[in-house]
Amino acid sequence: MKHRSGLVLLAGSALAAAILLWPDPPPSVALPKTVQIAAGLQHYRPAGEFRQGTKVVDAPKHPLDAGALEIMKYQVSAADYARCMTENACPLVASSGQAGFAQTNINHADATAYAEWFSVRTGQHWRLPTDAEWLRAAAERGSDDSFADDANGADPSRRWIASYQREVALRGAADLVAHPSGYFGENTLGVADMAGNVWEWTETCFQNGTLSPDGATIATQSDYCGVRAVQGKHRAFVIGFIRDARSGGCAAGVPPDYLGFRLVRDGAA
């Protein structure tokens, strides 16, 4: 059991199971700016690897009846995450502590710990978005990782060539300079820095699946949650404990420049 600043954490347990013992009310936690996204129909392509027979092919898009969504306007800042570390609620990571920059060098467990701490401290439920929710919030800045029809055809070499060409282009567009929050501007929904150089963790697990013989529907589907979908300029799949995918641990896709996160709040109107 750890004690610091009045916070008691049961080692090895989720923050939801933590007992908060404050001699006085804890210092207030400012709520972040958020963007409300109305409910509506979304056409979503699942995240993972899908096969039709022995061929790797794109999963078909399918309609989702998406509910209302409330998401942070900006990524969680280094100063916000530093406060969670100060209270011994988040794993220790390299952090500048600067309010004006996103916290990076974050793995999935770090982001989840922060969401749990922030939920306790605000009395609200905050969590990582799903891959589909992130794409909704990204709007016109979201990318579709599908290939042209010929890459899904009978000749598997066409898909390999298309994938190689895409990776060469994406690696050449890497941006390894840290930028302040807001640097990449807002999308049409008012969400800032979507598809900038900080990729964001989602709650979505890597999926393996098969398609129907005509390729129109998903026949089978299973999750592998040791790897999660991260979203930015493109979708990538990163092993959950990795904090810097450029140094290794990107399970599929081009490694993200940086790994950070933002949260959604449940209960959006």
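This is a predicted model: local features need pLDDT of at least 70, side-chain atom pairs count only at pLDDT 80 or more; totals for chains, interfaces and linings use all residues.
In soluble globular proteins, nonpolar side chains tend to be buried together. The largest nonpolar core in this model comprises 30 residues, and Tyr81, Tyr114, Val238, Phe261 and Leu263 have the most contacts inside it. At least two residues of this core come from each of helix H1 (78-86), helix H2 (108-122), strand E11 (198-211) and strand E13 (235-239). The biggest share is that of H2, which gives six residues.

Tyrosine 114 illustrates the packing in this core. With neighbours within four places in sequence left aside, tyrosine 114 is in contact with Val76, Asp80, Tyr81, Cys84, Cys90, Phe261 and Leu263. Among these partners, Tyr81, Phe261 and Leu263 are also named with the residues that have the most contacts inside the core.

**Aromatic pairs**

There are eight aromatic pairs in the structure. Two of them are listed here.

| Ring pair | Distance between centres | Angle between planes | Class |
|---|---|---|---|
| Tryptophan 117 and phenylalanine 118 | 6.2 Å | 40° | tilted |
| Tyrosine 183 and phenylalanine 184 | 4.9 Å | 80° | edge-to-face |

The tryptophan 117 and phenylalanine 118 pair is classed as tilted because its planes are at 40°, and an angle has to be over 60 degrees to count as edge-to-face and under 30 degrees to count as stacked. The planes of tyrosine 183 and phenylalanine 184 are at 80°, so that pair is edge-to-face.

Tryptophan 117 is buried at 3% relative accessible area, and phenylalanine 118 is buried at 2%. Phenylalanine 184, by contrast, is partly exposed, with a value of 25%.

One aromatic cluster is formed by Tyr81, Tyr114, Trp117, Phe118, Trp126 and Phe261. Tyr81, Tyr114 and Phe261 of this cluster are also among the residues with the most contacts inside the largest core.

A charged side chain is also placed against a ring: arginine 246 lies over the face of tyrosine 258, at 5.0 Å from the ring centre.

**Alanine 236**

Alanine 236 belongs to strand E13. Its relative accessible area is 0%, so alanine 236 is buried. Not counting residues up to four places away in sequence, alanine 236 touches Arg228, Ala229, Val230, Cys250, Ala252, Val254 and Pro256.

Terms used: Residues are numbered from 1 along each chain as its sequence is written. Side-chain values use heavy atoms; hydrogens and water are left out. A nonpolar core is a set of buried Ala, Val, Leu, Ile, Met, Phe, Trp, Tyr and Cys residues joined through side-chain atoms within 4.5 Å. Buried means under 20% relative accessible area, exposed over 50%, partly exposed in between (1.4 Å probe, protein chains only). Helices (H or I, at least four residues) and strands (E, at least two) are DSSP runs, numbered from the N terminus. Contact means heavy atoms within 4.5 Å. Rings of Phe, Tyr and Trp (its six-membered ring) pair if their centres lie within 6.5 Å; planes under 30 degrees apart count as stacked, over 60 as edge-to-face and the rest as tilted. A charge sits over a ring if NZ of Lys or CZ of Arg is within 6 Å of the ring centre and within 35 degrees of the ring normal.
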